[in-house]
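Hi everyone, thanks for coming along. Let me put the sequence and the structure up on the screen, and then we'll walk through a few parts together.

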Amino acid sequence: ILLAGGFGNYLNVSNAVKIGLLPPIPLEKYVQVGNSAGSGAVLALTSEAFIIQMEKLKSKMEYIELSTDNEFPMEFAMNMFFFD
């Protein structure tokens, strides 16, 4: 799982898993990649192969708008594990 941007770059992954913010998978599966948007923009401008790869990936994605899902806030809160 790639953790991008300032959030992902400075996040304490172990603590995020403990509180339920991230799924409980082995920590070595997480990679903090920093400014991936900037790196991706450079690759998109300089590599036709990268654009083809992005198009393939895009077809596998599904956008879900959580801010309009009435059940999400409660579901999210109920799955945060702040206490042992």
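So, here is a question to start with: is the crossing of helix 3 and helix 4 left-handed or right-handed? It is left-handed, a word used if the near helix is turned anticlockwise from the far one by less than a right angle, while clockwise makes a crossing right-handed.

Before we go on, a quick word on what you are looking at. This is a predicted model, where local features need pLDDT of at least 70 and side-chain atom pairs count only at pLDDT 80 or more, while totals for chains, interfaces and linings use all residues. Residues are numbered from 1 along each chain as its sequence is written, and side-chain values use heavy atoms, with hydrogens and water left out.

Back to our two helices. Helix 3 covers residues 36-46 and helix 4 covers residues 48-58; helices here are DSSP runs (H or I, at least four residues), numbered from the N terminus. They pack at an angle of about 115°, with axes 6 Å apart. Those axes are lines fitted to C-alpha atoms over the stretch in contact, and angles run from 0 to 180 degrees between N-to-C directions. On the helix 3 side, G40, L43, A44 and T46 make the contact, and E48, F50, I51 and M54 do so from helix 4; contact means heavy atoms within 4.5 Å. These residues divide into five nonpolar, two polar and one charged.

Now, which residues form the largest nonpolar core? There are seven: L3, L11, V13, A16, V17, L22 and Y30. Such a core is a set of buried Ala, Val, Leu, Ile, Met, Phe, Trp, Tyr and Cys residues joined through side-chain atoms within 4.5 Å. Buried means under 20% relative accessible area, exposed means over 50%, and partly exposed is in between (1.4 Å probe, protein chains only). Helix 2, residues 13-18, gives the most to this core, with three residues.

Let's zoom in on L11, in the loop between helix 1 and helix 2. L11 counts as buried because its relative accessibility is 16%. Leaving aside neighbours within four places in sequence, L11 touches L3, A16, L21, L22 and Q32. L11 and Q32 are 21 residues apart along the chain, yet their C-alpha atoms are separated by 8.4 Å. F7, in helix 1, is exposed at 56%.

Finally, how many aromatic pairs does the count come to? One: F72 and F76, tilted, at 5.5 Å centre to centre and 35° between the planes. Rings of Phe, Tyr and Trp (its six-membered ring) pair if their centres lie within 6.5 Å, with planes under 30 degrees apart stacked, over 60 edge-to-face and the rest tilted. F72 and F76 are four residues apart in helix 5, so about one helical turn separates them.

Notes
Nonpolar A, V, L, I, M, F, W, Y, C, P; charged D, E, K, R; others polar.
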